[in-house]
Amino acid sequence: MMSTETVFESGDQPCIRLEPLKSTHLPGKSTPTGGSCAVFTDSSPKATANGLHDIEDRILRITGYYGYNPGYSSHRREDGSESHAETPGSETSMESQSFHTCANTALKVLGGLLMVLCVSSSWVGTTQVVKLTFQSFSCPFFISWFSSNWNILIFPIYYSGHVVTTREKQTPIQKFRECSKLFGEDGMTLKLFVKRTAPFSILWTLTNYLYLLALKKLTATDVSALYCCHKAFVFLLSWIVLKDRFMGVRIVAAIMAITGIVMMAYADGFHGDSFVGVALAVGSASTSALYKVLFKMFLGSANLGEVAHFLSTMGFFNLIFISCVPLILYFTRVEHWGSLSSLPWGYMCGLAGLWLAFNILVHVGVVLTYPILISIGTLLSVPGNAAVDLLKHEVIFSVVRLAATCIICLGFLLMLLPEEWDSVTLRFLATIADKKSEDHGEELTDSSTHTRSRSRANGTVSIPLA
């Protein structure tokens, strides 16, 4: 047992030493060599042996202090925190890892925001250039066919980016054959080419053709808003065909989309070009939804290279098999144009380039950033087209059309909620509630500890020894 001289030599303050209490030591407490002792100081509790901490534990046990566990006094909490302190090397490593994680997340978010701007701008530009092209050349199917042919360039663009960004050197033919495994282990054959590509190419052409026909009847704002209903149709088809999870909030969003469609058709009294234009825009959204559901069903696990290969293949199919349709429309005088030199090639090439850029951004953006941001970019085309229509074309929007557009956009946003949004929200609220309760408990603990410290300093603590 430590003597008074030893305490003085160690530089601590003098203390009062009691005789060992062999019958009153606490259960679970380790007994120092030579017996237990309770040592008191006249000024500071730091100059004591383990006795004061034993007595403090006894006080907390007897008084039933809130949150007390035996052997867990304030001094031991401090010791425990010091014993579990991390070394400087581990702290540096953890800080470096967290910094890299935050940097990667920030870059991904910034890239996503830039992608949103590009997607929205390209889609607004496509819609507005179509309206300009119709002023001098009103042949929607020929425009759709000409623009779809540009999809052939998607795979060469992908291969160029692949060569620049990776060290793996493959010839274009080797890369093309590697991506052809999308059609099966044997690669692409003529039978598989027609069987897999024909349905998607027909749906692609119908979507674009109906969208262009709707732009002849309605403003760009109305058509882009109605096209956003494809998100609701994708959910309904996925729920029915793919047996996706049922979500009440998405049913509400689908009802809102249908309500917006009805209000848009009612704006001019269910007659005239307005009603036909709404029907054409809804038809375009429906074929787009069917295309996306079938793509998810048959090609849902495709990577970026395989998607680029598939889109280029559809471009070839469009060039080879659908070229007869514009010729039939030309000779039947349904879509008649003059000489090739009289065509507005500038507008048509600009339109095809913007449409190609939109398709590339959508498919690449899903891989490089968050898919929800790409959907938001499509939605932002609605206010973008509205700004152009209002400032350039001086379009006056009716209250009914504005309300319908807002309802459709709100339903689109509800569709973007994740499947586990309800449980995630509940966990977030529970975490906040637990955090508040912990902070309140820590405040009570700190105030009680401060009160006990002041009582010991004033010498007013009574200690039962039995």
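**Confidence first**

Trainee: Where does pLDDT stay under 50?
Mentor: Over residues 1–50, for which the model has 53 contacts beyond four places in sequence. Here pLDDT is the predictor's confidence in each residue, from 0 to 100, and contact means heavy atoms within 4.5 Å. Residues 460–466 are also below 50, with 11 contacts beyond near neighbours in sequence.

Trainee: And what does the chain average?
Mentor: A pLDDT of 78, with 74% of the residues at 70 or above. This is a predicted model, where local features need pLDDT of at least 70, side-chain atom pairs count only at pLDDT 80 or more, and totals for chains, interfaces and linings use all residues. Residues are numbered from 1 along each chain as its sequence is written, and side-chain values use heavy atoms, leaving out hydrogens and water.

Trainee: New topic: which helix holds N385?
Mentor: N385 sits in α17, residues 381–391. Helices are DSSP runs (H or I, at least four residues), numbered from the N terminus.

Trainee: Is N385 buried or exposed?
Mentor: Buried, at 0% relative accessible area; that term means under 20% (1.4 Å probe, protein chains only). Beyond four places in sequence, N385 contacts V124, T127, Q128, A220, T221 and S224.

Trainee: At what angle do α16 and α17 pack?
Mentor: About 25°, with the axes 4 Å apart; α16 covers residues 371–379. Axes are lines fitted to C-alpha atoms over the stretch in contact, and angles run from 0 to 180 degrees between N-to-C directions. The two helices are therefore roughly parallel, a term for angles under 35 degrees.

Trainee: Which residues meet there?
Mentor: G377, T378 and L379 in α16 meet S381, V382 and P383 in α17.

Methods. Buried < 20%, exposed > 50% of the residue type's maximum accessible area, 1.4 Å probe, protein only. Parallel < 35°, antiparallel > 145°, perpendicular 65-115°, else oblique.
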